[in-house]
Amino acid sequence: MKQWYAVHCKPKQDERAETELLNQGFEVFRPRIRSRRRTRQRYREVVESMFPRYLFVHLDDRDQDWSPIRSTRGVTGLVRMGGCVPVVPSPVIDALRSRADAQNCVAMHPEDGFVPNERVVITEGPLAGFEALFATRNSQERVVVLLNMMRVTLPVHAISRA
């Protein structure tokens, strides 16, 4: 029966490991995310591994030879816990794949749905009660708001819709 397993890759060789495993006929899934990186005074969008140094491979635990994985370029080996190789639950992979586009980029939409230039009220901290404009999210738990020409970074739970 085929199940998903995690593969540990060498530093900065996730893409190479993915290509080599695909060339050997393995079914591979390496989720990616789009993010913004600052380079030389400007931002640009980059696509990077969602889990740096890891990817997932779909293997048959009875009829498939796993030994080529160890010697694949870019691969350190299968992730192990003690002496056994743990299975990655299929619902986890299915959930990631359902949110991925054709390039396996997973959509990282926050559940709160704040959009740029939306009016918000700061609900916590020393600026509680002030109105601001939602600017952007700089991580899963932090947001940037514009407060009378001043940019402020706050925890996401510190704002609500105006």
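How many of the 162 residues of the protein chain count as buried? The share is 34%, where buried means under 20% relative accessible area with a 1.4 Å probe, protein chains only. This is a predicted model, in which local features need pLDDT of at least 70 and side-chain atom pairs count only at pLDDT 80 or more, while totals for chains, interfaces and linings use all residues. Residues are numbered from 1 along each chain as its sequence is written, and side-chain values use heavy atoms, with hydrogens and water left out.

**Overall form**
- The protein chain has a radius of gyration of 21 Å, whereas a compact globule of 162 residues would have one near 15 Å (taken over C-alpha atoms; the globule rule is 2.2 Å times the number of residues to the power 0.38).
- Its C-alpha trace spans about 65 × 35 × 30 Å along the principal axes.
- The protein chain holds three helices and 12 strands, which are DSSP runs (helices H or I, at least four residues; strands E, at least two) numbered from the N terminus.

**Nonpolar cores**
- The largest nonpolar core has 14 residues, and Leu 21, Phe 26, Leu 55, Val 57, Leu 59, Ile 69 and Leu 78 have the most contacts inside it; such a core is a set of buried Ala, Val, Leu, Ile, Met, Phe, Trp, Tyr and Cys residues joined through side-chain atoms within 4.5 Å.
- At least two residues of this core come from each of strand 1 (2-9), helix 1 (14-23), strand 5 (54-60) and strand 6 (75-78).
- Apart from this core lies another, of 13 residues, including Leu 147, Val 152, Leu 154 and Val 156.

**Contacts**
- Of the contacts (heavy atoms within 4.5 Å) between residues at least 6 apart in sequence, 57% join residues at least 24 apart.

Definitions and conventions:
Buried < 20%, exposed > 50% of the residue type's maximum accessible area, 1.4 Å probe, protein only.
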